[in-house]
Amino acid sequence: MKAKINLINDFLGLIYPKICISCNVALFKHEEYLCNRCKYTLPRAYFHRDTEASLIRKILYGRIPVFGSAAYYLFAKKTGVQNLLHYIKYKQGQAMARKIGKWMGEELRMADWIGDLDGLVPIPLHPKKQKERGYNQSEEYGRGIERAINTPVLNILHKDIYTSTQTQKKRYERWENVKNNFLIEQNISHLRHIALVDDVMTTGATFEAAYTALINAGYKGRVSIIVIAMTTHLL
Ligand SMILES: [Zn+2]
């Protein structure tokens, strides 16, 4: 039976050759999503090994008291990392997102602050966008990390789509306002240490907005930051 399935898989492979989502070369049978070359050569960040000097901590300095921070890849436009993140966002890439989350989580087990976490909190999408896409990529990365570090994903953060006092504002301001507002509607007083999880970090404005929502909900615990990719133009 197994031989038969392999035969079918090989046959399908001939019709639809599986290709590396980063560099487009045909994959060998043992390779999944990424060819081995991309898997081991895409630019990595390793920030979790360097908590004190972390770039994430520097960017968020004075805005969020970051406890632990981690980024898996370094992000730059027109690179394999961009192809990868794009695939995950727009091509039903949930399984791939979970796979990368798991790879990242396996390395994160080495960071001393990871064992202390109560939960992984994904940055939410607008509900309309999530309905269109069918999933929130940040949650999918979180699911992969969850499996590797045995810490649950907590969907406590929601987009505040009914932000009031908007009617008098100009359209651009209104859009900014809606874009950067999050809400927490449940009791989070039992949480002591959470990690906000997002796919890409650039200026940190999204994390700042999420942190504001945590503070507004009375959160007094530690906040760590986990991103899959970190923009490099700030380096
Ligand atoms: Zn490749």
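Start with the open sheet: 4 strands in the order E1-E6-E5-E2, with parallel pairing. Strands here are DSSP runs of at least two residues (E), helices runs of at least four (H or I), numbered from the N terminus. Two strands pair if DSSP finds at least two bridges between them.

This is a predicted model: local features need pLDDT of at least 70, side-chain atom pairs count only at pLDDT 80 or more, and totals for chains, interfaces and linings use all residues. Residues are numbered from 1 along each chain as its sequence is written.

Now show E1 with strand E6 (residues 222-231). The two run parallel, joined by 7 bridges. Pick Ala-71: its bridge partner in E6 is Val-227.

Contact means C-beta atoms, placed from the backbone, within 7 Å.

Move to helix H5 (residues 94-108). Its buried residues include Met-96, Ile-100, Met-104 and Leu-108. Buried means 20 or more other C-beta atoms within 10 Å of the residue's own, with C-beta atoms placed from the backbone. The buried residues of H5 pack against E1, helix H4 (80-90), H7 and E6.

Finish by colouring by pLDDT, the predictor's confidence in each residue, from 0 to 100. The protein averages 85. Strand E2 (residues 119-122) is highest, at a mean of 98, and helix H8 (residues 171-179) lowest, at 51. Over residues 164-168 the pLDDT is below 50.

Technical notes: Contact = placed C-beta atoms within 7 Å. Buried ≥ 20, exposed ≤ 12 C-beta atoms within 10 Å, placed from the backbone.
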